[in-house]
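I opened this entry to note what I looked up, starting with the whole chain and ending with single residues.

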Amino acid sequence: DQMDVINISLGALALGSFPEDQVAESANRLAEAGTIVVNSAGTDGPEIMSLDGTASAPLVLGVGSAQSN
């Protein structure tokens, strides 16, 4: 049985964004190899550039939420 999906939610500040972030680079390589990689978008928003570094990788699915009052 092979792993088809990886869900990442590290809860830490990103050191950078893709391709500088090593976790983002690794996640993107996993996606290139055929694994679906899902990452939490982070909870630092709504400021500009508040996306988690791993979620910024081109082949990673970044998942977040929004609140509307």
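I began with burial: 26% of the 69 residues of the protein count as buried, where buried means under 20% relative accessible area, exposed over 50% and partly exposed in between (1.4 Å probe, protein chains only). The model is predicted, so local features need pLDDT of at least 70 and side-chain atom pairs pLDDT 80 or more, while totals for chains, interfaces and linings use all residues. Residues are numbered from 1 along each chain as its sequence is written, and side-chain values use heavy atoms, without hydrogens and water.

I then looked up the elements. The protein has one helix and three strands, in the order β-α-β-β along the sequence. These are DSSP runs numbered from the N terminus, helices (H or I) of at least four residues and strands (E) of at least two.

Next I checked Asn28. Asn28 sits in helix H1 (residues 22-32) and counts as buried because its relative accessibility is 6%. A polar atom of its side chain lies 2.9 Å from the backbone nitrogen of Leu59. Beyond neighbours within four places in sequence, Asn28 contacts Phe18, Ala57, Pro58, Leu59 and Val60; contact means heavy atoms within 4.5 Å.

Last, I looked at Val63. Val63 belongs to strand S3 (residues 61-63). Is Val63 buried, partly exposed or exposed? I found Val63 partly exposed, because its relative accessible area is 46%.

Methods
A polar contact is a pair of N or O atoms within 3.5 Å; within protein, one must be able to donate a hydrogen and the other to accept it, and residues adjacent in sequence count only if both atoms are side-chain atoms.
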